[in-house]
Structure formats: C-alpha cells, structure tokens
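Morning, everyone. I have one structure to walk through today. Please look at the screen.

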Amino acid sequence: MKAEEAFKSIFGVEVEKVKQYFSDLSKEDPKSVVPQGKVINVYLVIRANNELLIRHEGGEDISLGTFENEKYPIILYDKFQSAYRRKELELLRANYIAKKVEVNKIRGKDDDWFCALRPTAAVKKQEERMGGLCGECPDCMTFGFAVREGGNYNVKSRIEGDLLISTTPESKSVVVRTFNAVDDIKKTTLIGGEEEGAGRTGALFRYSLVKEGTIFVGKIAMKDIGLNDFLVKIATLSTISKLGGRTTDFGNVKVFIPAIMFSTYEISSSYDIFTKVKGKENVEDLIQIINRHLEDIKKGVLVTSKDFSENIQKILFDQNGMLDSDIVLKAWEEAKNFKLSIESSTRSKK
C-alpha cells in the first residue's frame with residue numbers, strides 16, 4: 001500500500017494537507033539533517049491492563065512526581081522509549097525475514113542485518129562487536145545511536161517525549177504486594193530446618209505496583225521525519241502491549257492514540273494535559289477532554305479520534321500481523337537517505 005493512501009485511510013485527511021510537516025527523505029540532501037520545524041505532536045493515553053512494576057534508577061519500585069501537593073506515579077520517557085524501540089525492531093525483523101533480498105538491496109549489503117538494544121563489547125582488544133545497534137535501520141536513524149555503535153558521528157533522536165503521568169494519585173493507583181519464594185526441597189523459607197543454625201532465606205519480598213486500570217497521559221514529538229517512517233512509528237506505538245519490569249508477571253498495557261497535531265513546534269505537554277484530566281478514571285471521558293483542549297489551542301493541523309490505534313492496526317497490518325511491506329521498505333530508503341545526508345554534511349571539504 002502507498003503511504004499516502006494509508007495515511008488518508010487512517011486519519012481521514014489527504015497527505016497534501018500535512019505534507020509540509022514531513023521531511024522529504026526521498027533522496028540524499030545535506031539540508032535534511034538540519035532541524036526544519038516539522039513537528040508531529042502525538043498525544044497518548046496508556047491504561048494498565050494488569051498491575052505494572054515501573055522501576056527507574058534508585059531503590060524504589062514506583063517513581064512518583066509531586067503535582068499540586070500530591071504524589072502521582074510517573075513513567076519516564078526513556079522507560080517508555082526502550083519498549084517502543086524494542087517493539088519497532090521486532091516488527092522490522094519480521095519484515096526482514098520476509099523481504100531480506102529487498103532490504104539488503106536498499107542497504108547495499110549482502111550480510112545479515114542485525115540490530116538490537118544490547119551492549120557492545122570488544123573481544124581480546126579487537127574490533128569484534130557483540131550485537132548492538134546497527135546504525136543504519138529506520139529505528140537507529142530516527143531514535144539515534146552513539147558513536148561507539150560504529151562510524152564517526154552520533155545521531156540524536158528525532159523523537160522526544162515527556163513524562164507519562166497517572167491521572168490518579170498514589171493513594172488510589174498504587175498497591176503493595178508481598179511475594180514468597182519457598183525452598184524447592186523443604187517447601188519453606190528456612191535453610192536447614194528448625195535445628196540450630198537454621199536461617200531465613202529472605203525469600204519474602206514486596207513490590208509496589210501500579211494498579212490495574214490506572215491511566216497515564218503523555219505526549220511525544222516526532223521531528224523532521226519522513227512519511228513512511230512516521231507510519232512505521234505510529235504503527236509501532238499502536239502495538240505496544242508490555243511496559244515495565246517483570247513483564248512475564250506484570251506490565252500489560254493498552255496504548256490509545258486520541259490525537260495528533262502537525263505543527264512547526266511542540267504544542268502542549270504531558271503536564272498540561274494532566275492538569276485537564278486529573279482525577280479522571282474513564283478513558284472515553286478523558287479522551288474527549290483532551291481532544292477539546294487540543295481544539296482550543298490548535299496550531300497547524302489537528303486530527304482527533306476516540307482512538308486511532310484500532311484503525312492503524314487495521315490499515316497497516318495484514319491478517320498475519322505483518323506490517324505493510326511497501327511502507328517498511330520505503331522507511332528503509334528514508335533511513336538510508338538520512339544516513340547518506342549526514343555523511344555528506346559531515347564530510348570534510350577538500
């Protein structure tokens with residue numbers, strides 16, 4: 001499917017109406033690496049479909065932010081972005097298996113493409129690398145990578161995000177659970193039984209968990225990206241289903257995409273939206289408030305819905321759950337052209 005056709009089917013507007021807010025990455029152009037004021041504001045509502053274990057740096061299970069003298073659970077954007085990137089790489093790998101010849105032709109390489117969010121390491125002081133980011137795919141060229149991943153330049157992320165803030169305070173949205181891992185042999189938490197010298201295993205532990213049904217609101221800004229890359233990114237957003245730690249036990253979420261604003265700068269923020277929906281616990285009512293708020297402050301082109309996610313999945317994925325191959329291949333071309341544009345702009349002049 002062509003990107004223009006898919007865009008209209010999902011959002012109900014012609015691409016021509018918002019074309020000025022997409023970067024033209026159909027060819028190599030050093031000018032495309034300079035910020036151009038093409039910003040796509042994507043507003044998110046995330047509902048916990050079971051309990052969430054949301055950890056950040058530090059010893060606490062739940063990160064809290066204080067807003068208007070009350071504490072609310074928050075999710076830092078880098079926590080959300082890691083789930084976002086992993087989901088996109090999962091979709092890209094599925095496409096690569098099916099379209100390996102076509103992707104390699106775009107890459108101009110015959111080796112197997114591999115990209116993952118994992119550390120790289122030197123082996124015996126050689127240049128051999130163990131996994132890591134590839135520095136060439138649609139994920140790397142939009143979310144960025146550091147120079148240590150290869151090449152001689154860093155790529156800054158063109159997708160930036162705010163905090164995700166719970167609409168209900170800690171007192172209503174956090175529960176403490178106690179878990180017990182018993183000894184596999186004696187089926188107790190004692191080592192050595194009841195005799196002298198026996199001791200506790202310390203297997204009892206507690207987690208502070210975000211309650212099922214808790215709603216978070218937030219916003220991300222996609223800057224200077226191509227149309228096909230945008231469709232891949234928005235498709236990925238719609239399919240994120242896990243978030244946080246211990247996702248084998250916790251972490252099921254539903255991502256709603258109620259509104260997108262195409263503009264020349266960032267419009268509104270997670271906190272701004274939070275102040276409008278604070279205390280609301282019904283997704284439909286909350287989304288209506290968000291969309292009315294965005295209509296009032298609209299700059300550029302605004303598209304709204306109860307939730308674009310279902311339509312995105314219907315249009316951009318086939319019956320087997322594969323992301324539209326034509327759009328993915330075009331996103332690879334946009335990534336390649338952006339990479340070439342960076343290299344062209346940084347090449348020393350003779």
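Let's start with E70. At 36% relative accessibility, E70 counts as partly exposed. On this scale, buried means under 20% relative accessible area, exposed means over 50%, and partly exposed is in between, with a 1.4 Å probe and protein chains only. E70 sits in strand β3, residues 70-75.

A word on the source. This is a predicted model, where local features need pLDDT of at least 70, side-chain atom pairs count only at pLDDT 80 or more, and totals for chains, interfaces and linings use all residues. Residues are numbered from 1 along each chain as its sequence is written, and side-chain values use heavy atoms, with hydrogens and water left out.

Back to E70. Which residues does E70 contact, leaving aside neighbours within four places in sequence? They are G65 and P169. Contact here means heavy atoms within 4.5 Å.

Next, A331. A331 is in helix α10. Buried or exposed? A331 is buried, at a relative accessible area of 2%. Setting aside neighbours within four places in sequence, A331 touches P138, N228, D229 and V232. A331 and L25 are 306 residues apart in sequence, yet 9.2 Å apart in space, C-alpha to C-alpha.

Now the helix pair. Helix α3, residues 100-107, packs with helix α10, residues 325-346. The angle is about 15°, and the axes are 9 Å apart. Axes are lines fitted to C-alpha atoms, for helices over the stretch in contact, and angles run from 0 to 180 degrees between N-to-C directions. So α3 and α10 are roughly parallel to each other. That term covers angles under 35 degrees. Which residues meet? From α3, E102, V103, I106 and R107; from α10, L329, W332, E333 and K336. By class, this contact has 4 nonpolar, no polar and 4 charged residues. Nonpolar covers Ala, Val, Leu, Ile, Met, Phe, Trp, Tyr, Cys and Pro; charged covers Asp, Glu, Lys and Arg; the others, Gly among them, are polar.

Last, the whole chain. The protein chain has 10 helices and 12 strands. These are DSSP runs, numbered from the N terminus: H or I with at least four residues for helices, E with at least two for strands. Of its 350 residues, 49% count as buried. Among contacts with a separation of 6 or more, 75% join residues 24 or more positions apart.

Notes:
Parallel < 35°, antiparallel > 145°, perpendicular 65-115°, else oblique.
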